[in-house]
Amino acid sequence: MIEALRQRRPGRALARGRRRHRRGDFVGAVQCWLAAARAGDAEAQYRLGLAYQQGEGVLCNAVEAAGWYGRAAGQGHGEAQARMAQLCFHGCAAPDGTRPSAAALALLFPEGIQVERDAEQARRWAEAAAAQGVASSQALLGCIHANGLGVEVDYAQAEAWYRLAAAQGDAQAMLGLGTLLAGGYAGQADPATALVWFRAAAAAGEPTAWYFIGLHQVQGLGLDPDFHEAAASFRRAAEAGVPAAQRALGTLHLKEPAIGGGAQAGESWLRKAALQGDTEAMALLGDWHSHGNGLPPNHAEAAGWYRMAAELGHAGAQRLLAQLHRTGTGVAPDEREAVKWLERAAAQGDVAAQLGLGAFYAERDRDAEDRTCAMDWFSRAAERDDPDALYNLGLLHALGRGVTPDRAGAVGWYRRAAEQGSAPAMFRLGVAYAEGDGVGQDYAAARLWSLRAAERGHPGAQVNLGRFCLHGLGGAPDPQAAEGWLARAAAQGDARAMTALGELYGQWPENGSPDRGAEWLSRAAELGEPRAKALLGSFGAVERTVE
């Protein structure tokens, strides 16, 4: 009889706590639940966890919340397990302005005030809650498997968990399922079905879903493109405080005047996103002020936004801030600052920053350390098959900068760069084959690589191709083609092409025109081309050389 009364007491205390909580007496509710929780009631322990997490009747403290959730979760309380999973997954930082080492704080919160993220514990508790059918934990498991957080990425598992939770109406699961389908992560992309799930998530009260709906409307995924509808969707998410939607709406206003609002609305929405910590919005504001867009550029304002984004780790902003420091645009010129920001961006794998650092050290070329640094940074960018990095490695090997001179090795790097579309590398290959430098002499190969570079607008290759065509090197002579390629290079201001045109018109019977030849030689001589100066006055035999 006495034991039965003891068992009923926690239940009565729990009920009293609920009644007091409904009346708004949070302190009284906590007192009731505390008595029941200490007696081992899992529901009371769970409700104490909620009180500490939400700051109702007690000081808000995530550590205390986790402690009570953990006791209830250990007894199999599904919602407590779900709360533990969320706390472990997201963690909980100390409130701004607190100092955990302060004596008063230590006295108030002897267990601390922050919860560290723990992916393994999050997964363990989520699996326990999901097995009991808790939708939020099923959705969390979908996220964990989709992103490979503490486990191998498994999109099939992610989709299965998302579908279980979505069937219970969980908005986060619907959003996650839509993302999987839109990106084709679980098979072929299915934007139309993804849009159905995004709309379901939006109807279930998830504002971020409106952002994804807007993306579909802008890009015409699963429906016809409609910027006005996209703006309306972005606005619904933006007004709910979704930073990505604020950024998207701002960008849409700036790029599509037809939707109304213009630059003022665009910048306003970008600022709202930026002030929420959206680094991409900060970088876009930097771009906007840097270019002016109809107004005088405000480089100081641009530098401020780039710095905000850079300090939060945005690699593109770090690279652009480095460029401003290097040129002294909007900020004081400062080589050390430029290098510091380039190094931060490069360390994140930003290829353009790696390339910029390589170029910086190669151009400075102060000592052996600079040459080693140039080689190192170009090599890192080359690992991503960057054509400029591959080309520059070829130059360093050819010149013996930071490495033993290796002309054959240089050709190998030029070839890799050329295969990635580098016109300068194609030009260098043409020269190497023509001169037999690092590779066997082969005028046909020289003419082929020069043609590929010339078609991409490289003036040096156009000059060399013109000479090959003129002299019949690597193929049949073709003075008409030679004239065309040399004219294209001359139109770019290439003095060597002007000199070659002077020779062509002055000394080839088919194209004979001494006056035109003299005119081209004069133009080249005015640009300081020594050969043109030597040829003016009398036309000698054409030398068969490759420039």
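This is a predicted model: local features need pLDDT of at least 70, side-chain atom pairs count only at pLDDT 80 or more; totals for chains, interfaces and linings use all residues.
The residues of α18 that are buried are Ala315, Gly316, Ala317, Gln318, Leu321, Ala322, Leu324 and His325. Helix α18 itself runs over residues 315-327, and its 13 residues reach 19 Å from the first C-alpha to the last, close to the 18 Å expected at 1.5 Å a residue. Just after this helix, Gly328 adopts a positive phi of about 70 degrees.

Helix α14 (residues 243-255) was examined in the same terms. Its end C-alpha atoms are 18 Å apart, which agrees with the 18 Å that its 13 residues should span at 1.5 Å a residue. Buried positions in α14 comprise Ala244, Ala245, Gln246, Arg247, Ala248, Leu249, Gly250, Leu252 and His253. These buried residues pack against α12, α13, α15 (262-275) and α16 (279-291).

The loop between α12 (208-219) and α13 (227-239) contains Asp224. With a relative accessible area of 66%, Asp224 is classed as exposed, because that value is over the 50% cut-off. Asp224 and Arg20 are 204 residues apart along the chain, and a distance of 54 Å separates their C-alpha atoms.

When residues up to four places away in sequence are not counted, Tyr361 touches Val339, Glu343, Asp370, Cys373, Ala374 and Trp377.

The largest pocket holds about 390 Å³ of space. Its lining is made up of 19 residues, and Cys143, Asn147, Tyr162, Gln172 and Gly176 lie nearest the centre of the pocket. Two or more lining residues are given by each of α5 (78-90), α8 (135-147), α9 (155-166) and α10 (171-183). Helix α8 supplies the largest share, six residues. Sorted by class, the lining of this pocket comprises 11 nonpolar, seven polar and one charged residues.

Notes
Residues are numbered from 1 along each chain as its sequence is written. Side-chain values use heavy atoms; hydrogens and water are left out. Contact means heavy atoms within 4.5 Å. On a 1 Å grid over the protein atoms alone, a cavity is a set of points where a 1.4 Å probe fits but cannot get out, and a pocket is an open set with protein on both sides within 12 Å along at least five of seven lines; lining residues have an atom within 4 Å of a point. Grid points are joined across faces, edges and corners, and a volume is the space filled by probe spheres set on the points. Helices (H or I, at least four residues) and strands (E, at least two) are DSSP runs, numbered from the N terminus. Ala, Val, Leu, Ile, Met, Phe, Trp, Tyr, Cys and Pro count as nonpolar, Asp, Glu, Lys and Arg as charged, and the others, Gly among them, as polar. Buried means under 20% relative accessible area, exposed over 50%, partly exposed in between (1.4 Å probe, protein chains only). The expected span of a helix is 1.5 Å times one less than its number of residues.
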